[in-house]
Amino acid sequence: MRYDFSAVEKKWQSLWQNTDTFRTAEYRDRPKYYVLDMFPYPSGSGLHVGHLEGYTASDIVARYKRSCGFNVLHPMGWDAFGLPAEQYAIKTGTHPKITTENNIRSFRETLQAMGFSYDWSREINTTDPAYFKWTQWIFLKLHEMGLAYMSDVDVNWCVELKAVLANEEVDEKIADGYTVVRKPLRQWVLKITAYAERLLADLDELEWPENVKQMQRNWIGRSEGVEIDFELRCHNKNLRVYTTRPDTLFGATYLVISPEHPMAEKLATAEYLKAVKAYIGGAKLKTELERTGLQKDKTGVFTGSYAINPATDKPLPVWISDFVLTSYGTGAIMSVPAHDSRDWEFAKKFDLPIIEVIRSPHEVQEAVFEGKDSVCVNSSNGDISIDGLSFSEAFEVMATWLESKGAGKRTVNYKLRDWIFSRQRYWGEPIPVKHYEDGALRPETNLPLTLPEVEAYQPSDTGESPLSTIHDWLYGNDGHGSFRRETNTMPQWAGSCWYYLRFIDPLNGDNLVDPEKERYWMNVDLYIGGAEHAVLHLLYARFWHKVLFDLGVVSTREPFRKLFNQGMILGEDNEKMSKSRGNVIPADHVLEKYGADAVRLYEMFLGPLEQVKPWNTNGIEGISRFLGKVWRLVYPEQEGSMAQFTCDTLPEELLRRMHKTIKKVSEDTESLKFNTAISEMMVFVNELHRSGIRSITAAETLLLLLAPYAPHICEELWQALGHDGSISGAPFPAFDPALAADSVVEIAVQVNGKLRGTFTAQAGTAKEDLLREAGAVESVVKFLEGKTVVREIVVPDKLVNFAVK
């Protein structure tokens, strides 16, 4: 009887859907497990095989946890606001809502064709007014708390998209070929910096990849330093500088301020004013990435002014350079070229002094020395000396001295900047704020505030959203007077900041989430998605969650307990899949040819989940043959009916193999090592075929192990074996530790810690017997002859070590 994967998979997908097999029940007496995917943006290009990897992994975990007795929440939804749909609308004249609905339908069909066990009754869409009502509610709470404010800021303006980008988005857009410049605009900004310390501190409690945590730490950029005042005698003012190295103050030979510094033009003397203005104008056209790149050529202009070094009382020239940013520290730095590579290159280019103040292993005029593991030199005056002190000692002495003179103070700084939240687009959540003629800002009282219908979606070159042209929607009058609605919309990140909470209670019209349900389901136990969201979605979601925690809406400080980043699946040319390369492998094409179970198994068998690996169509052929072997355990190829299962008791060798397989698959599924779990099941299937034994116990055990990975074939064979209910409701097999243990083990023999031989022994062999056999190993004997054994170390079932002299 041939395995017809197409008929079998359609049968079970229809049955699961019609019977709500995977609908999550509100059991409060069972342990919960919340497994979540980073929900997709439903683009017109559809899903390719690389997209399916993370979804397959999460579905295996969801099915496995259900079979282990957990109450599982495994939902899916759509991050559907955003630029691509609007750009398509501009190009084709099709309303973004229509294209979004079509794309969602296509995505949903593909995900359902993969047999993913989502609770589709909880499906959400960020463009649904019933959903973004609560996104707007959260924004208004941010505003009430003083965490959402309007400000005139220099923004990252994308010339081609005619829209503002968040700082975290700039690198990606430039890499995609877009032009990004700095441009002043009045914007809504969220005060994420108010949560910088908590965002940093709480990382330690999360079970996340260390590289993602480190990326967030670096992006937040906490540093402890000192703000130092340098006297500008000609201006009767001070120039305040932030530094993490006050120990190098004696080596500061010039100061640098950013082009945006409020004193930039004021410090320019008549001789240098024209050059300073030209330089400031040029800097505005550059992105922060272009300005701060370590490899870029250093540029700058002298202001003509000098500031006094409080340690040496010497005048230091004040320069302007675009590598200094107003957004970090005070927008001014002291430059110590002997011990900072950027300052050294600048000093060399503009012939500025270089003074050694940290003992260096070479001449600092020839090369920079940045180490902290040396001591201070040339750092004393009649008031203070830090010569001979280490970094930490010198830091404390200098900080205390500066504070005592009123010339400085200790401070903590962050690289993290407030989140620019305005977008000059139509297809986004309207910001629910009204601007009144008297200058007052008041919230919309009737949420959700929905988008009006528009005919043109093109934003203007000036930064105005298409909403600014919809007069009937834009203007109004209420009890407070005439008003104009906010025309900027929220960024795409807004809807994805909190969606995991709405899955818990998606139909609640009165609250964002029911408190009792939230306490039961939170945190998310496993969150699977790409590492590219480390300082975008993951940081923003943590910020909003902490705000909701402060409001009493959520009961946990963090949203996602465990995070796993799946590796990328490349095209068959070993390159990232993209339309431009023409190497995209559409998911639907592969599903039609091989079926969902084959695709699921193959994607997990390619290699460790976290690694990058290329797609190889030949490999999926092998997986199809494996599924054929599984099928033939119940429907032998040479027969037209089911196999006759006659063996009630398995031989010991096969019984041990079965329990080892249960143990291995259980442990590997728990640790997301799916490729090795599949490999173990392949070995077991081969053993069953080789033995020729028809055991109902062995067959059912295999199906229960394989069901989370290849659910359709397992459902069909489970039913064929006489079971009425879905295999998804059957408990996962348990293993006998004694039977799962190896009966014969290899023992390593060391002499003075060096491997000298091995031998095999029965598992559980007594210590005395292991010592006797180890001492008799031929390759070991010569290392013991003529020596005195002073100590014998035995690690049961693993190792014997003789310490000799």
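Contact here means heavy atoms within 4.5 Å. All views show a predicted model.

View 1. H74 has 0% relative accessibility, so it counts as buried, the cut-off being under 20%. Leaving aside residues up to four places away in sequence, H74 touches T24, V35, D37, S58, D59, A62, R66, S117, Y118 and D119. A polar atom of the H74 side chain lies 3.3 Å from the backbone oxygen of V35. Y33 is 41 residues from H74 along the chain, yet their C-alpha atoms are separated by 8.6 Å.

**View 2. W419 in the largest nonpolar core.** This core holds 150 residues. Y34, F139, W419, Y499 and W544 touch the most other members. Residues up to four places away in sequence are again not counted for W419. Its contacts are A166, W188, V189, L190, I192, P491, W493, C497, Y540, F543 and W544. Another core, of 41 residues, lies apart from the largest one. V241, L267, V301 and M398 are among its members. In soluble globular proteins, nonpolar side chains tend to be buried together.

**View 3. Helix α20 crossing helix α23.** The helices cover residues 617-634 and 696-706, respectively. Their axes come within 10 Å and cross at roughly 145°. The crossing is left-handed. F626, V630 and L633 of α20 make the contact with L702, L703 and L706 of α23. By class, the contact residues are six nonpolar, no polar and no charged.

Notes:
Residues are numbered from 1 along each chain as its sequence is written. This is a predicted model: local features need pLDDT of at least 70, side-chain atom pairs count only at pLDDT 80 or more; totals for chains, interfaces and linings use all residues. Side-chain values use heavy atoms; hydrogens and water are left out. A nonpolar core is a set of buried Ala, Val, Leu, Ile, Met, Phe, Trp, Tyr and Cys residues joined through side-chain atoms within 4.5 Å. Buried means under 20% relative accessible area, exposed over 50%, partly exposed in between (1.4 Å probe, protein chains only). A polar contact is a pair of N or O atoms within 3.5 Å; within protein, one must be able to donate a hydrogen and the other to accept it, and residues adjacent in sequence count only if both atoms are side-chain atoms. Axes are lines fitted to C-alpha atoms, for helices over the stretch in contact, and angles run from 0 to 180 degrees between N-to-C directions. Helices (H or I, at least four residues) and strands (E, at least two) are DSSP runs, numbered from the N terminus. A crossing is left-handed if the near helix is turned anticlockwise from the far one by less than a right angle, and right-handed if clockwise. Ala, Val, Leu, Ile, Met, Phe, Trp, Tyr, Cys and Pro count as nonpolar, Asp, Glu, Lys and Arg as charged, and the others, Gly among them, as polar.
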